[in-house]
Amino acid sequence: MTHPVDLDAWKTLAAHYDDVKSTSLRDLFESDDARFEKFQLNAAGIFLDYSKNHVTDDTLANLLRLAENSDVKTRLQSMFDGELVNPTEGRPALHTALRNRSNTPVMVAGEDVMPGVNDVLARLRVFTDSVRSGDWKGYTGKPITDVVNIGIGGSDLGPLMAVEALAPFAHERLNMHFVSNVDGSHMVSTLKKVDPDTTLFIVASKTFTTQETLTNAHSARDWFLDSSATESDVSKHFVALSTNKEAVSEFGINVDNMFGFWDWVGGRYSLWSSIGMPLMLSIGMDRFEQFLQGAHDMDVHTRTAPLSENMPVILALLTVWYNNFWSAHSHLIAPYDQYLHRFPAYLQQLTMESNGKSVHVDGTPISCSTGPVVWGEPGTNGQHAYFQLVHQGTHIIPTDFIMALESLNPLGIHHELLMANCFAQSEALMMGKTKEELKVEMQKAGASDAEIERLSGHRSFAGNRPSNTLLVQQLTPQALGALIALYEHKVFVEAAIWDINPFDQWGVELGKQLAKSIHQEMELAATVKSHDSSTNGLINKALKLNNLLA
């Protein structure tokens, strides 16, 4: 495999960067009246304006050549076809099969996985319908009013984000709660809000061995049994999203209420599977299928659109352009929608767990930067916090603005103000404010020349900061599904260009292994000497201060 930095297209882009780095975004707009029409795309109900980026026709041509040199189309096809795109674990990555609304066969090891996918969806519909209708009763005969999802990582971030994002479509009786942190405060504060006789716990762990999840699940079980409930009542209040029948049954959960998924579904891609049960319970299976349809629509676009018209490909190429040639190693997600307040956190895991890698697929070291740091908060709050750094700091931070054109909660002029702020921020980042413009502005306000001189450095803005704007008509289940799938495919295309495996996460496993070892040592209540001096010191200090040393 030729590494990306050795590709002719990569070398051409490096030379091209030297040619265009001094051309401002203002200059690009002033020299091309058709720029907005030229650099925009529509796909699966999402409109993308990427005209406020440091790209020209030549830039785009060079980036597309890089995608071709990197065999992006072939790699995408391999993923959709169920090939082993996760070589370190010997697995395909077929989250797309979970939302394959065309129901065309998807083959893995000679077997069509779609009948199994459809069977699980059918079972999930029966179960979630029974809870939503009130037919599913707790041990005292009352219907469920609260659902507590116990998971971590993708088993928490995905369902939590989606339930929050689609809150306007939520069931009027069911309150959704999520516990992920092994910090007991998370569980205790949640249990204070619910009653044992009307609460359903979802334990989400594929192997049913995840330490944080099982610790929280057993604490929830103990709390439940401390009420008037008995062991036989556990099955009425606990269900499992798992494949480990023996462990699930031993916990007290009826295996008929265990909903599995497959090893070709990575945690951060598992929202489309039974891991999405909290969302199914909240919005119902009909709307969940609309959610799947939106993602499938984006899958079809990604699979069939030419590279030059392919939305995830273009977004991925822009990330590579900034990350590897402009040295912009941070990416801001700014959703101008309060319901998407957990979307940046969701994308953090999707992007950074996938592409935070330092070796190529063949195991050789990478000689270029890979996944950028992803972060963000909803607008307009961010404008009164971190936007100061984005506007006037020393870092170039490419930004994705996300906006729904139509509010699900119309209220006076609120949505018009929200849209105005979103569009204004992208303009301000691009245009900035020169010292000459500031001078005219301050003169009109009656400022003296001395005052203007004193403040000119503080109140002028360099601008020239790149951004994308993504628009949907409304934040519906279909729109959210398409939006998530867009970023999933964007991440995969980035990985294809950097030649890394986005589907494993060995860095996550290392910390888990060490934590298990340290916990075992702490349980011995003896002075620990097996680690470096700092780690030994921290463990022993904690044991001593908590009076745990023997």
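User: Why is Ala109 called exposed?

Analyst: In this predicted model, Ala109 has a relative accessible area of 84%. Exposed means over 50%, buried under 20% and partly exposed in between, with a 1.4 Å probe and protein chains only; therefore Ala109 counts as exposed. Residues are numbered from 1 along each chain as its sequence is written. Local features need pLDDT of at least 70, side-chain atom pairs count only at pLDDT 80 or more, totals for chains, interfaces and linings use all residues, and side-chain values use heavy atoms, with hydrogens and water left out.

User: Why is Ala525 called buried?

Analyst: Its relative accessible area is 17%. That value falls under the 20% limit, so Ala525 is buried. Ala525 also has a positive phi, near 55°.

User: Which peptide bond is cis?

Analyst: The bond that joins Gly379 and Thr380 is cis, with omega about 15°. Most peptide bonds are trans.

User: What makes up the lining of the second largest pocket, by class?

Analyst: The lining has 8 nonpolar, 8 polar and 2 charged residues. Ala, Val, Leu, Ile, Met, Phe, Trp, Tyr, Cys and Pro count as nonpolar, Asp, Glu, Lys and Arg as charged, and the others, Gly among them, as polar.
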